[in-house]
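Welcome to this short tour! Open your viewer, get ready to select a few residues, and let's look around together.

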Amino acid sequence: MNSARLAEGLHHQTAGFAEAVAGADPDTTVPTCPDWPLRVLVGHIGQAHRWAASIVRSGPSPVPDPVDADPGAPDKWADWLLEGAAELTEAALETKETPVWTFFGEQQATFWLRRMLHDTTIHHADAAFATGKPFVVAPEFAADAITEWLEMLSNPITAQLKPAFAELRGTGQTLRLDPGTGEGWLITRTPDGVRWAREEGDADVTLAGPLRDLLLVFTRRLPADRVTITGDRALAEHWLARTAA
């Protein structure tokens, strides 16, 4: 997915997030982010976009605390959120192919466009569930969000950042995500960590459903019973219990 498409997706999801929180009580509890009221979730999105933009332009800086973010008055949230997304897009498109810092070593700035797109998408769902607004994500972005999450989970650095992910190691157990529209994801738990591929194949457990629901179950925004689970349900539950995004 090229920079322009990622930027388009980031703008669309940020606008959707802003619409989901419009007119809501800032102290509304966010059920899928149980330690955060809505104002902290809003602050996190705008803060994260600006933080990523600063990394692209100036290099690494400490991960900011969402509680410290100040999104301003609720009637200004939409402008503030869209300004942050625009700042990141501008920085990434200006940088082009120049390598920038990421958690996984130097990569092109599109890493941060993609990372913030998918982070915003999941938190758009959080906001929508908290306020009773609809949540929509295009299938291509839902699929790429699943792929990106698996790329991170399979990177050895991720287990160093969050040791609980080391519990995803196994002895060859397999999980399959099946969107019912062709190629899905085949995940293998090995002694060295998670391995995955976009391919067909049998698995010890299969989670099947629409891409939107697979993404939200996979990131623990929806309960597992929103998709069809076939095979070793305990294996699926073990995975989901250790992969909160």
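Start by selecting Gln13, which sits in helix 1 (residues 3-21); helices here are DSSP runs of H or I with at least four residues, strands are E runs of at least two, and both are numbered from the N terminus. This is a predicted model, where local features need pLDDT of at least 70, side-chain atom pairs count only at pLDDT 80 or more, and totals for chains, interfaces and linings use all residues. Residues are numbered from 1 along each chain as its sequence is written, and side-chain values use heavy atoms, leaving out hydrogens and water.

Is Gln13 buried or exposed? Gln13 counts as buried because its relative accessibility is 2% (buried is under 20% relative accessible area, exposed over 50%, partly exposed in between, with a 1.4 Å probe and protein chains only).

Now show His124 as well: the side chains of Gln13 and His124 make a polar contact at 2.7 Å (a pair of N or O atoms within 3.5 Å; within protein, one must be able to donate a hydrogen and the other to accept it, and residues adjacent in sequence count only if both atoms are side-chain atoms).

Next, jump to Arg220, in the loop between helix 7 (211-218) and strand 5 (228-231). Arg220 is not a glycine, yet it has a positive phi of about 60 degrees. Most residues other than glycine have a negative phi. At 42% relative accessibility, Arg220 counts as partly exposed.

Of its 245 residues, 50% count as buried.
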